[in-house]
Amino acid sequence: MSGFRASVPFCQPIATFFRISAISCFGVIIAGFLVAAPRAAAQETPYFVAYSHHLEEPGNLELEFYSNYGTQHRGNDFIAPWLELEYGITAWWTTEFYFDSQETFNDSALYTGNRWENRFRPLMKEHWINPVLYVEFENINGADKTMKEVVGFDSAANHAVPNNVARLEHDHEIETKLILSSDYKGWNISENFIAEKNLGHSPWEFGYAAGASRPLRLAATTRPCNFCAENFIAGIEFDGGLGTTKHLTLAGTSHYAAPILAWQVPNGVTLSVSPGFGLTEASHGFLLRFRVAYEISGFGRRINNQFRSIFR
Amino acid sequence: MNRAVVSALLLLALVAAGAATAREHNRWPLDSRGVLLAIAKAPAKARAEKNPYEGQSDAILAGEKLYRQKCAECHGAGARGTSRAANLHWRSVQNATPGELAWLLRNGNIARGMPPWAGIPEQRRWQIVAYLKTLH
């Protein structure tokens, strides 16, 4: 329990200020998401690691809270929460900011850095396979355990390093992805090819992610409902490392398989959960990912209107 | 004198209305059938597709629900359009075939800000089309 208490670093300052437990703070955040009013237009896929070609609708802002719990063979288990702000600039360009943190049980909790990601859709129509180009700049430290992607020879052993040592490594990295995605008879099938480089010294590292998902019911029912099958999406995703430019290989790399279940509540909240299983010796044995997302429709327009009223 | 002023004002109003209409048409260009060009770009195969839910009351209700969730933010709660998106009651929309509307929903009009809705299942897109066709 103490692990969970401290597992929500974003909640710690709030919890201390209001003299409530971090669990209460976490509960309040989730409850706030659930009762929030505006309807959302989300049509997103439920993946944690893979991306599809569906971008954020223009002008919409999505607030997402993630956490990644991981078990460790030699070392302490950890939980790595992060906050994500996703905004649809145009119908072909989505930008996102991430703020990462982690707590390693029996060690410490810390903020591990931030990332800025952009996704561009080069083709203006739907095709059998739809490409999206992805570019991300990461300013994180070596203690980051969000595992938003697995590349090169990333392994469970990297995460066994104590936080006070791992945090000394500063990673300024550029990450690119080629996202290929298709929709067919209610299914979404996405494949991502990842290339990442530490701008300081390292060679290019490669990885992949792939996912397939489908709503439990394809047609909508006549009445608004929260618990009907049309609001649930089930899927599975795979991800792993592929070595580096110097040594392109599967040997010694980590790979994961993870079923996913997402619940899209019509008021704009999405809850997702995904237990992940390590497939190789280098992988973590078990991961548990969790996500709460809330989409604010027309956010950009509202901000614009506020500025207009101020400067009128 | 008064008659001249009134005539001049009427003429001015007429010119302004004409200019506004022309601007609206420039903003929402039409094809020879009077259908919005963004919709009329649909290929012949898509244009000819029939809505499997056509006229079904359940599908229309479901389509209305989906419209409120996914379309009303831009097209307005009554589908009368906003500064960002077309009025869906317009004849230039209603003249489109169900197949053309379904094609536009799937592909969007990305260059002009309408996102593609390929991420929602085809059945739900047809339900939205069934609802849109009741707006004329």
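This is a predicted model: local features need pLDDT of at least 70, side-chain atom pairs count only at pLDDT 80 or more; totals for chains, interfaces and linings use all residues.
In numbers, helix 7 of chain B and helix 8 of chain B pack at an angle of about 130°, and their axes are 9 Å apart. Those two values are what one needs, since two packed helices are described by the angle between their axes and the distance between the axes. The crossing in which helix 7 of chain B passes helix 8 of chain B is right-handed.

Which residues in helix 7 of chain B meet which residues in helix 8 of chain B? From helix 7 of chain B come B:P98, B:L101, B:A102, B:L105 and B:R106, and they meet B:R125, B:W126, B:I128, B:V129 and B:L132 in helix 8 of chain B. Sorted by class, the residues of this contact between helix 7 and helix 8 of chain B are eight nonpolar, no polar and two charged.

Now let us take each helix in turn. Helix 7 of chain B is mostly covered, with nine of its 10 residues buried, and the buried ones are B:P98, B:G99, B:E100, B:L101, B:A102, B:W103, B:L104, B:L105 and B:N107. These buried residues of helix 7 of chain B pack against helix 2, helix 3, which spans 44-47, and helix 8 of chain B. After helix 7 of chain B comes B:G108, and the phi of B:G108 is positive, near 65°.

Helix 8 of chain B is also mostly covered, as nine of its 11 residues are buried. The buried residues of helix 8 of chain B are B:R124, B:R125, B:W126, B:Q127, B:I128, B:V129, B:A130, B:Y131 and B:L132, and they pack against helix 4 and helix 7 of chain B.

In soluble globular proteins, nonpolar side chains tend to be buried together. Here the largest nonpolar core has 32 residues, and those touching the most other members are B:L36, B:I39, B:V93, B:L101, B:L104, B:V129 and B:A130. Two or more residues of this core are given by each of helix 2 (37-40), helix 4 (57-70), helix 7 (98-107) and helix 8 (122-132) of chain B. Which element gives the largest share of this core? The largest share comes from helix 8 of chain B, with six residues.

Leaving aside residues up to four places away in sequence, B:A130 touches B:N51, B:Y53, B:E54, B:Q56, B:A59, B:I60 and B:G63. Apart from this core lies another, of 27 residues, and among them are A:F78, A:I79, A:A209 and A:I233.

With those names we pass to chain A, which has five helices and 12 strands. Of its 312 residues, 41% count as buried. If we take contacts in chain A between residues at least 6 apart in sequence, 62% of them join residues at least 24 apart.

Is A:A209 buried or exposed? A:A209 counts as buried, because there are 24 C-beta neighbours inside 10 Å and the cut-off is 20 or more. Beyond residues up to four places away in sequence, A:A209 touches A:V49, A:A50, A:E149, A:N192, A:I194, A:E237 and A:D239. Of these, A:I194 is 15 residues away from A:A209 in sequence, while the C-alpha atoms of the two are 7.9 Å apart in space.

The second residue, A:E175, has its place in strand 6 of chain A, residues 170-184. Because A:E175 has 20 C-beta neighbours inside 10 Å, A:E175 counts as buried. Its contacts, again without residues up to four places away in sequence, are A:E136, A:E138, A:E149, A:I194 and A:E196. The C-alpha atoms of A:E175 and A:F137 are separated by 6.4 Å, although the two residues are 38 residues apart along the chain.

Finally, how do the two chains meet? In this model, 26 residues of chain B are in contact with 25 residues of chain A. On the side of chain B that touches chain A, helix 4, helix 7 and helix 8 of chain B each give two or more residues, and the largest share, eight residues, comes from helix 4 of chain B. By class, that side of chain B has 12 nonpolar, seven polar and seven charged residues.

Key: Residues are numbered from 1 along each chain as its sequence is written. Chains are lettered from A and ligands numbered from 1 in the order in which they are written. A nonpolar core is a set of buried Ala, Val, Leu, Ile, Met, Phe, Trp, Tyr and Cys residues joined through C-beta atoms within 7 Å. A residue is buried if 20 or more other C-beta atoms lie within 10 Å of its own, exposed if 12 or fewer, and partly exposed in between; C-beta atoms are placed from the backbone. Helices (H or I, at least four residues) and strands (E, at least two) are DSSP runs, numbered from the N terminus. Two residues are in contact if their C-beta atoms, placed from the backbone, lie within 7 Å. Axes are lines fitted to C-alpha atoms, for helices over the stretch in contact, and angles run from 0 to 180 degrees between N-to-C directions. A crossing is left-handed if the near helix is turned anticlockwise from the far one by less than a right angle, and right-handed if clockwise. Ala, Val, Leu, Ile, Met, Phe, Trp, Tyr, Cys and Pro count as nonpolar, Asp, Glu, Lys and Arg as charged, and the others, Gly among them, as polar.
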